[in-house]
Amino acid sequence: MRIISICPSNTELVAFLGLDHMLVAVDDYSDWPEPVTQLPRLGPDLAIRMDELEAMKPDLVLASLSVPGMEKNVEELVQRKIPHLVLNPQSLQDIGQDLLAVAEACGIDGQQVHSEYAAAIESFKCRAAHAEHAPSLYWEWWPKPVFTPGNVNWLTEISEIVGARNAFADIDSANIQTDWDDVRQRDPDFILLAWVGIMTAKVKPELVRKRKGWNEMKAFDNIHIMEEELYCRPSPRLIEGAWRLGQLVHPHLYADMELPSFIKNKQL
C-alpha cells in the first residue's frame, strides 16, 4: 500500500504497526521514527498541499481530528474522493482502538501491538496502586493565554496511571483556557511545561518564574520541561511519557521499571 500520514501521531501509529515502510509522504511535523524524516513532506498538518498529495496516488491517507483545524483537510479528501481514515483519539483506550483501526485499514492484524500497549498501561497501574499519595500536576500546554488539559484528555489518564492527578481534572473538557490566578489557587505539587508544537529547547521556565506568587507555591522548585512529542501526541509514545513521568513523581516506585519492550525495540 501507499500510505500518507498528515499528522505526527498517525505517523507514529503506522510505525508501531511496522508499516512505516509503506509511507510515501508525511506532514512537515512528523519526526519519528527517524527514517520518516527522509520522506517527501507535504506541508504543515493544517496546510497540506492537496494537489501534491493527490498526485502521489495514495491508497490511504491518515488524518486526525486531535489536531484542531484538521477538518479542512478532511473536507478536501472527501471532495477529491481520496481514500482516507479519520481518527479522533481523546483517551488511551481510543489510541488502542486506533491501532486496531489502522491495522484493519491496511489489511494486517494489529492485535499483538494492541495487547502490548494495553499490558504496558496495566503495568503502570499496578505500581501506582502502591503510591502513598497522588501529587497534583499542572500541565501547561500554552503559556499566554494559559491553556491546560482537562478531564477528557490522555494527560489526565497518564497522570493517574502513574499515581498522580491532573490539577484540572475536575473540569469536564479536553482543553481549558484559564489564567495564572486559577493555577496558583490550585497550588499543584508539580508544574509541567509541555508547550504544544514547541521544541523542548525553546520552552522557557523563566516565564513561569515571572508570574505573580510562583515562589509561594508548593511547586516552586518542581518546574519541569516535558518533551512535547511524548505528551502532546495521541500515539503509543505516550507510554514512554508515562514511564518518564512515573520516575519523576514517584521515583521509588518506577526507578527500576524498564521501558516497555514494544517501544524500546522501535527505538533501536
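**View 1. Helix α1 on its sheet.** Helix α1, residues 8-16, lies across β1, β2, β3 (60-64) and β4. Its direction makes an angle of about 125 degrees with β3. Keep in mind that this is a predicted model.

**View 2. The β2-β1-β3-β4 sheet.** Here we have an open sheet of four strands, paired in parallel and ordered β2-β1-β3-β4. At the edges sit β2 (23-26) and β4 (84-87), each pairing on one side only. From one strand to the next, the twist averages 20 degrees.

**View 3. Where β1 meets β2.** Zooming in on this pair, strand β1 (residues 3-5) runs parallel to β2, and three bridges join them. Look for Ile3, whose bridge partner in β2 is Leu23.

**View 4. Helix α4 over β3 and β4.** Helix α4 takes in residues 92-105 and lies across β3 and β4. Against β4, helix α4 runs at about 175 degrees.

**View 5. The β8-β5-β10-β11 sheet.** Now for another open sheet of four strands, again with parallel pairing, in the order β8-β5-β10-β11. Since β8 (165-166) and β11 (223-225) are at the edges with a single partner strand each, one side of each is left without a neighbour in the sheet.

**View 6. Where β10 meets β11.** Strand β10, residues 190-193, is joined to β11 by three bridges, and the two run parallel.

View 7. Helix α9 (residues 238-249) lies across β5 (136-140), β10 and β11. Relative to β10, helix α9 runs at about 150 degrees.

Methods
Residues are numbered from 1 along each chain as its sequence is written. This is a predicted model: local features need pLDDT of at least 70, side-chain atom pairs count only at pLDDT 80 or more; totals for chains, interfaces and linings use all residues. Side-chain values use heavy atoms; hydrogens and water are left out. Two strands pair if DSSP finds at least two bridges between them. Contact means heavy atoms within 4.5 Å. Axes are lines fitted to C-alpha atoms, for helices over the stretch in contact, and angles run from 0 to 180 degrees between N-to-C directions.
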